[in-house]
Amino acid sequence: MIDQILLVAAAAFVGTSLVGVYRIAAGPTMPDRVIAINVVGSNVVIVIALLAAAIGEPGALDIALVYALLNFLLSIAISKFSVERGGVL
Amino acid sequence: MVPVSAGRLLVPVSESSTLRNTVAYAVEQAFESAGESDRAASIHFVFPLSERYTYGTEPQAADEAQSLLDRVAVWAEEDLGDNADAVEIETALVGTEEYLFSPGDYADVLVRYAEAHSLDRAVFDPEFNPLGTTPLLPPLENEMRRAGLDVEDAPVQRSRRSPLLVQRGTVAQFLALFAASFGFYLVLAGSLATFELVTGAISAGIVAVVLWGVSLTTPLRPGRTVMQFLRLLLYIPYLLWEIAKANLQVAYVVLHPDLPIDPKMVEFDAAVWSPLPITTLANSITLTPGTLTVDVSKRQFMVHSLTESSREGLFGGALERAVRFVFYGRAAARIPSPRERSGEEGEET
Amino acid sequence: MTPTEILVLVLAAGGVFFSLVAAVGLVRMPDLYTRAHSSSKSETLGAVLALAAVAIAFGTQLSTIKAVLLLVFMFLTNPTAAHAITRASAEQGIEPWTTEDDDP
């Protein structure tokens, strides 16, 4: 029962990510796209975690953790880059 | 080589191993030019002391700074010997009303002092570094040169050129970092087998050695840290409750057919100091009712707010008070809210 | 339904709801600052609720600790990322939308 709940939730998160994809495509400015990518990235992390619980694969949680790190770094790196043009942190 | 009016020196001081020789050099320079200049030679020793130290939390810092200045004045008079009349010695604490954070802040304060006392030359102790681990001197000197002052390093022998990493770290910091990394590694590994213990110890050791002087910039004070942590535990449920409220509000606004928003940028000065509390407050503001921290420079927060009521909540200062409670204890929580401080609804931009 | 199932259902449903709010906000809001509001707040709460559901579904295992770690991490980084992006845009000189401007 719990597995089904988690699977349905994962599907719903994929659905909301698709809405975010619209914003990535539409823009209009780069920060808009970065925010949308950040949201989609968070959703991907959540979907991985939900699937890990649903199909009983705890190893996937490590992947989610790494993906969360990358997602955060992406936002920071892009905002740093766009302000300082190549200056890193 | 020495400009004609160079008899008026600004010498920023802080606790360092080369301070004594810097003072001797500065005195010598001032004395040499005392004869050539038409104005009286004088040396101003200044100690930049950020407001975060003078505002009650660490009262002994101001005393320490004052006693260092007194010591410097005694040294200078010693060096002058019989010629004490030729050079005038002044000492001052500067920056006590401000939150000094970046090299630019320090440069501002020093340049203002120099202008106020018509000093045109600055002599730096090569080890001058009130910020701790971050390298301060080169950018600071550049800023001051841009402001039109002559800037030079005192040519003193550095007693030791210790590697940057080992410079500030204490054993407690090293151990704390090591323990945190090791624990994290073991949680990820999920077992206590010998293999995991050994590889974990090696990785944690590498992390701790490399990031020792970077990640923990202030000395650990176990007692205080534990108190802060306990108060943080009180803060978290409060924050979660605020977040829940904030989200229902945002959900209502977003799903409302008319999209009833009235976004505005507002600015206010927060009464918190030092990086960690400021980060906490900025993140908390972002998470709670319709407000989003856009920029923080020194203590000034630039906040984007979604609705009128969210601005009301922000200037009510409940969050700010809670953050102060976490980091400084109960007494600091009684500082007035931003609205009471400014007497109006903050300035809108 | 056992209490655990009900709890997981409620948390997961809450997570989906707030994630939906974030997505709708992302599409409906007029400018990037207001969009960052929806991405930082609603998305964070959605993530926290969903990951809490995951932690509970795992029961008491090591994975629960990992899920909680992930939760804390999302909780800390999401607002920071939103802050970084809006700060970068503010420094690039992108003006926030106000009610005086035209319709979104």
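In chain A, residues 24 or more positions apart account for 46% of the contacts with a separation of 6 or more. Two residues are in contact if their C-beta atoms, placed from the backbone, lie within 7 Å. The model is predicted: local features need pLDDT of at least 70, side-chain atom pairs count only at pLDDT 80 or more, and totals for chains, interfaces and linings use all residues. Residues are numbered from 1 along each chain as its sequence is written, while chains are lettered from A and ligands numbered from 1 in the order in which they are written.

The secondary structure of chain A comprises 3 helices and 0 strands. Helices (H or I, at least four residues) and strands (E, at least two) are DSSP runs, numbered from the N terminus. The order in chain A, from the N terminus on, is α-α-α. Of its 89 residues, 46% count as buried. A residue is buried if 20 or more other C-beta atoms lie within 10 Å of its own, exposed if 12 or fewer, and partly exposed in between, with C-beta atoms placed from the backbone.

On helix 2 of chain A, the contact includes Ile35(A), Val39(A), Ile46(A), Ala49(A) and Leu50(A). Ala, Val, Leu, Ile, Met, Phe, Trp, Tyr, Cys and Pro count as nonpolar, Asp, Glu, Lys and Arg as charged, and the others, Gly among them, as polar.

The whole contact between chains C and A takes 43 residues from chain C and 38 residues from chain A. Helix 1, helix 2 and helix 3 of chain C each supply at least two residues of the side that touches chain A. Helix 3 of chain C gives the largest share of that side, 18 residues. By class, the side of chain C that touches chain A has 29 nonpolar, 8 polar and 6 charged residues.

The largest nonpolar core has 90 residues. Such a core is a set of buried Ala, Val, Leu, Ile, Met, Phe, Trp, Tyr and Cys residues joined through C-beta atoms within 7 Å. Among the residues with the most contacts inside the largest core are Leu6(A), Leu50(A), Leu51(C) and Val54(C). Helix 2 of chain A (residues 30-54) provides its largest share, 15 residues. Leaving aside neighbours within four places in sequence, Leu6(A) is in contact with Leu50(A), Ala53(A), Ala54(A), Ala12(C) and Ala57(C). A second, separate core has 36 residues, including Ile43(B), Val87(B), Leu100(B) and Val109(B).

Leu51(C) lies in helix 2 of chain C. Leu51(C) is buried, with 29 other C-beta atoms within 10 Å. Beyond neighbours within four places in sequence, Leu51(C) is in contact with Ile46(A), Ala49(A), Ala67(C), Leu70(C), Leu71(C) and Met74(C). Leu51(C) and Thr64(C) are 13 residues apart in sequence and 9.7 Å apart in space, C-alpha to C-alpha.

The contact between chains C and B takes 30 residues from chain C and 26 residues from chain B. Helix 1 (3-28), helix 2 (32-57) and helix 3 (62-92) of chain C each supply at least two residues of the side that touches chain B. Helix 3 of chain C gives the most, with 11 residues. This side of chain C has 14 nonpolar, 12 polar and 4 charged residues.

In chain B, helix 5 (residues 137-146) has Leu140(B), Glu143(B) and Met144(B) buried. Seen down the axis of helix 5, the buried residues fall within an arc of 95 degrees, so they line one face of the helix. The arc is that of the directions from the helix axis to the C-beta atoms. These residues pack against helix 4 (103-116), strand 4 (121-124) and strand 5 (150-153) of chain B. Pro138(B) and Arg146(B), on the other side of helix 5, are exposed.
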